[in-house]
Amino acid sequence: MIELKDYTIIKKIGEGGMGDVYLGSHTVLENKVAIKSLNPSLINNEEFKKRFRREAKIHSKLNHPNIVKLIDFREREDGLFIIMEYVEGKQLDDYVKTETGPIPEDKLIPIFKQILEAISYAHSMGLVHRDIKPSNIIISKGKIKVLDFGIAVDISNETKLTKTGIQVGTVAFMSPEQINSEKIDKLSDIFSLGITLFYLAVG
């Protein structure tokens, strides 16, 4: 288990290709946080370290009630850590599978409007999320939070980290241009939003 100054790690709550996510608590304030750590096997990989820093930098630009807030970024010899707001709720795919089935229209519209507001705001900041899907959206008491800007791209300042010919994202929710590893823009997110809406509506 990792140890991080100012934070007590409680338990692992998620894992992915680039790293794991832990539930933590500030040692003084005692507020809960989510801590994303770069996978230890990638600590010596400069490209993945750049991508992790880039994720934190992009996420730090966002301040919206429907987007999980970035609190801090820490870098040590043995790891890189993104510290975020912790949201206690369910990912929308689990919510549909275990609680609602297809979401009724009267409930779906206010939920989806919040998702649209979050992505519209990200777009206004020049960012394309590139991985919109129900599992990257948390619902908590009717409130929506979009998370995981790990492969988001700043199209106003595109870098060599995002190259045409490299496919990133989740295939079932990707736009044709993402699947074909072509240049993408905000319309790619809109395509993914449409598939997400379909999933929520039909289960």
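Arg130 counts as buried because its relative accessibility is 8%, where buried means under 20% relative accessible area, exposed over 50% and partly exposed in between (1.4 Å probe, protein chains only). Arg130 sits in the loop between β7 (127-128) and β8 (137-140), and its C-alpha atom is separated by 31 Å from that of Tyr7, 123 residues apart along the chain. The model is a predicted one, in which local features need pLDDT of at least 70 and side-chain atom pairs count only at pLDDT 80 or more, while totals for chains, interfaces and linings use all residues. Residues are numbered from 1 along each chain as its sequence is written, and side-chain values use heavy atoms, with hydrogens and water left out.

**Confidence**

- The protein chain averages a pLDDT of 89, and 92% of the residues score at least 70; pLDDT is the predictor's confidence in each residue, from 0 to 100.
- Among the elements of the chain, helix α3 (residues 105-124) has the highest mean pLDDT (97) and strand β10 (residues 153-154) the lowest (86), with helices (H or I, at least four residues) and strands (E, at least two) taken as DSSP runs numbered from the N terminus.

**The open sheet**

- An open sheet is formed by 5 strands in the order β1-β2-β3-β5-β4, with antiparallel pairing; two strands pair if DSSP finds at least two bridges between them.
- The edge strands β1 and β4 each pair on one side only.
- Strands β2 and β3 pair in the antiparallel sense over 7 bridges, and Val21 has Lys36 in β3 as its bridge partner.
- Strand β3 (residues 32-38) is joined to β5 by 5 bridges, and the two run antiparallel; Ser37 stands opposite Phe81 in β5.
- Strand β4 (residues 70-76) pairs with β5 over 6 bridges, again in the antiparallel sense, with Asp72 opposite Ile83 in β5 and a hairpin of 2 residues joining β4 to β5.
- Strand β5 (residues 79-85) is mostly covered, as 6 of its 7 residues are buried.

**The lining of the largest pocket**

- The lining of the largest pocket divides into 12 nonpolar, 9 polar and 11 charged residues, where Ala, Val, Leu, Ile, Met, Phe, Trp, Tyr, Cys and Pro count as nonpolar, Asp, Glu, Lys and Arg as charged, and the others, Gly among them, as polar.
- At least two residues of this lining are supplied by each of β1 (7-15), β2 (19-26), β3, α1 (46-60), β5 and β6 (90-91).
- A pocket is, on a 1 Å grid over the protein atoms alone, an open set of points where a 1.4 Å probe fits, with protein on both sides within 12 Å along at least five of seven lines, and lining residues have an atom within 4 Å of a point.
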